[in-house]
Amino acid sequence: MAASLSRSRPVRTAALCLTLAALLAAAPAAAGRRGRAPTSRASLLVEAETGRVLRARNPRQRLIPASIVKMMLTLITLEHIRGGSVRLSDIVTVSRRSARVGGHQVYLAQGERFRLEDLMKAVVIGSANDASHAVAEHVAGDSKTFVRLMNERARRLGMTDTRFVNVHGLPPGRGRTPNRMSARDAAILAREILKYPSMTRWSRTRIAPFRGGKFTLTNTNRLIGRFPGADGLKTGSYRAAGYSVVATAKRRGLRLIAVILSSKSHKSRFAEARRLLDWGFARYRWFDASQAREFPRPHTVRIMKGRKKEVALRKKGSFRMLIRRGAAGKVTAMAKIPAVVHAPVKKGQPLGRIIYRLGGKKLGEIPLIAAESVERLGFFNTFIHVK
């Protein structure tokens, strides 16, 4: 079930997409069968570490993401920062084009100068379109080049339902095709950007000063500070797009991502995201074999023709698996150990394993290794030992 995105290996990305596709086919429908009917056109709930899909409704439908596209702008910028081509301390001079971008903005003026980090906060916290355009120009030289970077990055991530036409998510103009993205692709993008701590550091901020405190950035994500564990990620809306949010929260080591696309109202997207996240946290938890109640007792294995008759075994490593809450007590563990092992034995040598199962399904296993080395007896000692 587990899968991971790679920033540089398309083969691993393809494996992720296949895993997600299989899980999507098997995942139950999202909120709507019970309780309140969903108001969005598509929704998805995934566990962030593995990408396991917990609930899904129309996950492959290509919808207008609006400002959700700024997540890709942020990802590419953070990747360039990690690569060293730009720095958060860079000074960005606002161009005429950036200053003329409308919609939600921080009212940049041509010729104004800002640190790149301040503009990134305006993008993530305040969803500022003019700041997004200024960042894109600084990173790639111009916004059209940046859009090409966005589409190429989407392709490498396996976001096959996505097409970007601009860097900020605004309507592209009459007769032109808007940005497109599915809930599945938004989840893939969210998982990738969560690898960068700067994203959640910005996206969990409710209010921040801008332009020396003369302007206040207010987080567009109304779950921040209101939903326990919420720390991101991005909202998006305009009339034709509806109201969307990619929301993430973390509780007791479990991080979930809820994607709500094209909801009917500002409030309904957050209400639906809240219900999905609450549902996930109420029903799932990590089973950590290293912290779980030890079912098998400590084990030893007999040694043939060794200076010791037996050697103690110890576990090497651990694993964890997402399971339904209340199921931990139903996990069984069985040790697979050979009846006898011939000397010599080296310390750390694998000599068995513990297999964990839940309802007949294998959760994982932990190797059992020799706790010490055991030398082989010489011929004379072997003879005496036999006598």
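How many helices and strands does the protein chain have? I counted ten helices and 17 strands. Helices (H or I, at least four residues) and strands (E, at least two) are DSSP runs, numbered from the N terminus.

**Entry 1: ground rules.** This is a predicted model, so I kept in mind that local features need pLDDT of at least 70, side-chain atom pairs count only at pLDDT 80 or more, and totals for chains, interfaces and linings use all residues. Residues are numbered from 1 along each chain as its sequence is written, and side-chain values use heavy atoms, with hydrogens and water left out.

**Entry 2: the whole chain.** I looked up burial. Buried residues make up 50% of the 387 residues in the protein chain. Buried means under 20% relative accessible area, exposed over 50%, partly exposed in between (1.4 Å probe, protein chains only). Then I looked up contacts, meaning heavy atoms within 4.5 Å. Among those between residues at least 6 apart in sequence, 66% join residues at least 24 apart.

**Entry 3: the largest pocket.** I used a 1 Å grid over the protein atoms alone. A pocket is an open set of points where a 1.4 Å probe fits, with protein on both sides within 12 Å along at least five of seven lines; lining residues have an atom within 4 Å of a point. The largest pocket has a volume of about 580 Å³, the volume being the space filled by probe spheres set on the points. It has 19 lining residues, and R97, H133, S143, N166 and H168 lie nearest its centre. The elements giving two or more residues to this lining are α3 (96-99), α5 (129-140) and α6 (143-157). The largest share, three residues, comes from α6. By class, I found seven nonpolar, five polar and seven charged residues in the lining. Ala, Val, Leu, Ile, Met, Phe, Trp, Tyr, Cys and Pro count as nonpolar, Asp, Glu, Lys and Arg as charged, and the others, Gly among them, as polar.

**Entry 4: nonpolar cores.** A nonpolar core is a set of buried Ala, Val, Leu, Ile, Met, Phe, Trp, Tyr and Cys residues joined through side-chain atoms within 4.5 Å. The largest has 64 residues, of which M72, L108, L119, V246 and V259 touch the most other members. Helix α7 (residues 183-193) gives the largest share of this core, seven residues. Another core, of 22 residues, lies apart from it, with L54, A249, L256 and L322 among its members. I then checked α7 for cover: eleven of its eleven residues are buried. The buried set includes charged R184, D185, R191 and E192. I also listed the contacts of M72, leaving out residues up to four places away in sequence: M150, R153, A154, L157, M159, F164 and L189.

**Entry 5: aromatic pairs.** Which rings pair, and how? Rings of Phe, Tyr and Trp (its six-membered ring) pair if their centres lie within 6.5 Å; planes under 30 degrees apart count as stacked, over 60 as edge-to-face and the rest as tilted. My search of the whole structure gave seven pairs. W279 and Y284 are tilted, at 6.0 Å centre to centre and 55 degrees between the planes. W279 is buried at 13% relative accessibility, and Y284 at 5%. F287 and F319 have centres 6.2 Å apart and planes at 50 degrees, so this pair is tilted. Both are buried. F287 sits in strand β10 (residues 284-288) and F319 in the loop between β12 (310-315) and β13 (320-324), 32 residues apart. Y107, F114, F210 and F215 form one aromatic cluster.
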